[in-house]
Amino acid sequence: MSLPSLTLNETHDTSLRSWVQSANAENCSFPIQNLPYGVFRRSGSEEAYRAGVAIGDQILDLPAAQSAGAFSGFDEATRTAAHAACSGSSLNALMALTPAAWSALRLALSRLLRSGSAHQSELAACLVPQAQAEYDVPAVIGDYTDFYTSIHHATTIGKLFRPDNPLLPNYKWVPIGYHGRASSIAISGQQFRRPVGQTKAPDADLPTFGPCKRLDYELELGIFIGGGNALGEPVAMAQAEDKVFGLCLLNDWSARDVQAWEYQPLGPFLSKSFASTISPWIVTLEALAPYRCGWTRPADDPQPLPYLDAPTLRESGAFDIELEVLIQTAAMREAGSAPERLSLGNYRDAYWTVAQLVTHHTVNGCNLRPGDFFGSGTLSGPAPDQAGSLLELSGGGKTPLTLANGEKRVFLEDGDTIILRAVARRDGLPTIGFGEAAGTVLAARSLA
């Protein structure tokens with residue numbers, strides 16, 4: 001995999017501190033070593049959405065910083081990247097640039113926001129508190145592909161339907177994916193009505209139509225594509241991560257009963273397209289470089305075909321990102337109770353890596369474009385409490401979960417809020433946070 005994704009540079013220096021004091025707090029999700037991108041405006045305003053960078057509990061308003069002349073003293077690559085970031089209400093123009101341009105802008109932002117920066121006085125006026133901001137999807141998403149990268153999830157789900165042969169024959173050979181619906185992807189805070197659809201009970205002769213009864217969440221990471229590739233030109237593993245702008249959180253809500261009836265022979269359709277929730281912030285691969293880890297495949301499993309392999313894959317192809325799912329029911333909110341954890345897992349347990357997904361997606365000549373979006377698929381670990389969905393945690397709906405307040409859940413009920421969180425952390429290094437992706441289930445629309 002090529003530079004800069006594997007390169008540590010001055011932006012990763014653990015001794016760096018910011019003049020934005022909240023960024024220096026212990027376990028802050030957005031220290032100066034993170035600098036994730038998002039699109040925001042002040043809450044309740046009619047302002048245009050614009051690009052920002054999270055720093056501590058603040059957002060650096062990039063167009064305001066540009067207007068203040070903050071980037072004028074940097075090289076042309078930095079000024080070009082800053083101009084692209086400030087163009088319009090999405091990050092697509094920035095995503096379309098090269099990794100070198102992304103790296104140049106990150107370095108400039110790091111220097112501008114460090115303690116002792118000569119630009120502190122003018123940039124202080126360009127900060128907006130995160131608590132006073134609202135967010136939008138950070139890119140115009142042209143296409144969305146959802147993958148199936150957790151072997152633990154695939155095996156657990158497979159056992160529910162095929163106890164003697166849970167994994168389909170191709171799973172260990174090819175990254176499985178399907179094309180999803182980009183139009184219903186929304187930002188954290190999304191509220192959506194319980195989907196309605198056609199279902200068929202196993203013991204019924206005929207299908208019925210009505211509200212979904214087996215609504216579930218799916219813990220995933222989202223992958224935003226950057227520069228893309230030309231139609232007909234596959235991307236080799238060595239260049240795959242150069243096409244990735246960054247990662248975010250993704251909840252790919254699923255109507256399990258609708259899915260069970262519709263998914264054969266072509267896969268999910270209406271069971272997935274009613275809502276998907278992402279976190280506001282995109283964490284760059286450069287920010288995650290210190291949190292890489294080796295990727296392994298059991299020796300008795302098939303090893304990747306040559307086009308899905310690379311010398312650095314085994315050394316540093318995976319990411320050590322802790323993934324958490326929490327629930328807050330309507331009763332919990334009314335009582336003022338904090339959300340309760342449902343599971344805690346890690347992205348390092350994924351069977352397929354980010355680079356492998358990009359390479360496989362393009363191997364037939366498929367062209368990716370800036371702003372395209374991948375879902376990792378439900379991320380579950382090997383332990384039962386690391387499952388990334390209620391379908392797994394409840395044993396296919398057979399074993400209800402009992403919450404601390406005595407409520408029970410097999411699948412989601414109206415009023416439930418699911419919150420996804422993620423952090424990359426390692427001893428001696430700052431915490432790199434992703435923020436959160438929160439979504440709430442509303443009652444189904446009336447069928448009368």
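## Arg292

Arg292 lies in strand E18, residues 292-293; strands (E, at least two residues) and helices (H or I, at least four) are DSSP runs numbered from the N terminus. The model is predicted: local features need pLDDT of at least 70, side-chain atom pairs count only at pLDDT 80 or more, and totals for chains, interfaces and linings use all residues. Residues are numbered from 1 along each chain as its sequence is written, and side-chain values use heavy atoms, with hydrogens and water left out.

Arg292 counts as buried because its relative accessibility is 8% (buried is under 20% relative accessible area, exposed over 50%, partly exposed in between; 1.4 Å probe, protein chains only). The side chain of Arg292 reaches the backbone oxygen of Ser316 at 2.8 Å.

## Glu47

Glu47 is in the loop between strand E1 (37-42) and strand E2 (50-55). With 25% relative accessibility, Glu47 counts as partly exposed. The side chains of Glu47 and Arg50 are joined by a polar contact of 3.1 Å (a pair of N or O atoms within 3.5 Å; within protein, one must be able to donate a hydrogen and the other to accept it, and residues adjacent in sequence count only if both atoms are side-chain atoms). Leaving out residues up to four places away in sequence, Glu47 touches Arg41 and Arg42 (contact means heavy atoms within 4.5 Å).

## Nonpolar cores

The largest nonpolar core has 66 residues, and Leu288 and Ile321 have the most contacts inside it. Such a core is a set of buried Ala, Val, Leu, Ile, Met, Phe, Trp, Tyr and Cys residues joined through side-chain atoms within 4.5 Å. Apart from it lies another core, of 56 residues, including Leu16 and Trp102.

## Largest pocket

The largest pocket holds about 1,300 Å³ of space. A pocket is an open set of points on a 1 Å grid over the protein atoms alone, with protein on both sides within 12 Å along at least five of seven lines; lining residues have an atom within 4 Å of a point. Volume is the space filled by probe spheres set on the points, which are joined across faces, edges and corners.

Of the 45 lining residues, Ile157, Phe161, Gln259, Ala260 and Tyr263 are the closest to the centre of the pocket. Helix H6 supplies the largest share of the lining, 6 residues. By class, the lining has 21 nonpolar, 14 polar and 10 charged residues (Ala, Val, Leu, Ile, Met, Phe, Trp, Tyr, Cys and Pro count as nonpolar, Asp, Glu, Lys and Arg as charged, the others, Gly among them, as polar).

Terms used
On a 1 Å grid over the protein atoms alone, a cavity is a set of points where a 1.4 Å probe fits but cannot get out, and a pocket is an open set with protein on both sides within 12 Å along at least five of seven lines; lining residues have an atom within 4 Å of a point.
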